[in-house]
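Hi,

Here is the structure I said I would pass along. Have a look at it first, and my notes on what turned up follow below.

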Amino acid sequence: MPGTHRTPVSPLPRPGIRAQDFTDPFTRRLLLNEGSTTELLERRGRCRLGLRVVEQTLAPLHLRDGRLLDMLGVTPQTPCLVRRTELVSPEGTAVSRNLVIGRLPRSDEVTQVVTHHSVALGRSVNLRGIPQRRTLLSTGLTTWQGTGRTVPAVSRGYLLHLDDEAPLYVAETFNPAVAPPWRRGTGTAAPVSAVRAVPAVITTALGRAS
């Protein structure tokens, strides 16, 4: 994972929109899901999703909010995994965009799972039977950049506990065609400027995946 450049990284989420406040049943279910996001999205789309690794590196995190560092059990000097991926349809359309950050696991098996270049994290965890637990931190809205335009999109952030390893922070943003961002009583999505599950970005030094 060589090389460095500056790339946005999401800090600890601020309180956002409750999952129950979204009108679409699948959106609510997705945001509250405690199992594999990949498998839930595949059942929704009735197709097998592929994995696209956009970026992966090991580098210290530079976050203005130290609470996330505390949750991850790292210091600003600790080299951390920073991984960006997309789950894609058979046609190559991104269904979700995902960020994973945290200490590289001690176990070789868990390290292989969280850094795999062709198998999605949730699928690999389930296939290997690794104990897992998720602690939901926030749900709400962020933005989705599509074909020439930016639209509101549902997002969530949580801590992922794998076996007895230090937790990883996971942020997932979902294609609005899959998880509609409409809210109860409004008929529209909330303004993204008002509340975000993955709010204002903070930069860190990252390496482009080779």
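**Strand β6 and its surroundings**

Let me start with β6: 11 of its 13 residues are buried, so this strand is largely enclosed by the rest of the structure. Before you go further, please keep in mind that this is a predicted model. The strand covers residues 150-162 and runs antiparallel to β5, with 13 bridges joining the two. If you want to find the pairing on screen, Arg133 stands opposite His161 in β6, and Ser138 has Gly157 of β6 as its bridge partner. The two strands make a hairpin with 4 residues between them, and in that turn Gly148 has a positive phi of about 80°.

On to the pairing with β7, which is also antiparallel and is held by 6 bridges.

Stepping back, the protein chain has 5 helices and 8 strands. Reading from the N terminus, the elements go β-α-α-β-α-β-β-α-α-β-β-β-β. Of its 210 residues, 52% count as buried.

**The cavity**

Rolling a probe the size of a water molecule over the atoms shows where empty space is left. The count here comes to 1 cavity of 30 Å³ or more, and the volume of the largest cavity is about 210 Å³.

Which residues lie nearest the centre of the largest cavity? They are Thr38, Asn98, Leu121, Gly122 and Glu172, out of a lining of 18 residues. The elements that give two or more residues to this lining are α2 (37-45), β3 (79-88), β4 (94-103), α4 (108-115), α5 (121-128) and β7 (168-174). The largest share comes from β3, with 3 residues. By type, the lining of the largest cavity divides into 9 nonpolar, 6 polar and 3 charged residues.

As background, most residues other than glycine have a negative phi, and most peptide bonds are trans. Two residues are worth a look with that in mind.

- Arg46 has a phi near 55°, a positive value in a residue other than glycine. You will find Arg46 in the loop between α2 and β2. Is Arg46 buried or exposed? Its relative accessible area is 79%, so Arg46 counts as exposed.
- Asp163 sits in the loop between β6 and β7.

While you have Asp163 on screen, find Gly129 too: the two are 34 residues apart in sequence and 9.8 Å apart in space, C-alpha to C-alpha. Gly129 belongs to the loop between α5 and β5, and with a relative accessible area of 56% Gly129 is exposed.

**Cysteines**

How many disulfides does the structure hold? The number is 0. As for the cysteines, Cys80 is buried, with a relative accessible area of 0%, whereas Cys47 is partly exposed, at 26%.

Cheers

How values were computed
Residues numbered from 1 in each chain as written. Predicted model: local features only at pLDDT ≥ 70, side-chain atom pairs only at ≥ 80, totals over all residues. Heavy atoms only, no water. 1 Å grid on protein atoms, 1.4 Å probe; cavity = no way out; pocket = protein on both sides within 12 Å on 5 of 7 lines; lining within 4 Å. Points joined across faces, edges and corners; volume = space filled by probe spheres on them. Nonpolar A, V, L, I, M, F, W, Y, C, P; charged D, E, K, R; others polar. Disulfide = S-S within 2.5 Å. Buried < 20%, exposed > 50% of the residue type's maximum accessible area, 1.4 Å probe, protein only. Pairing = 2+ DSSP bridges.
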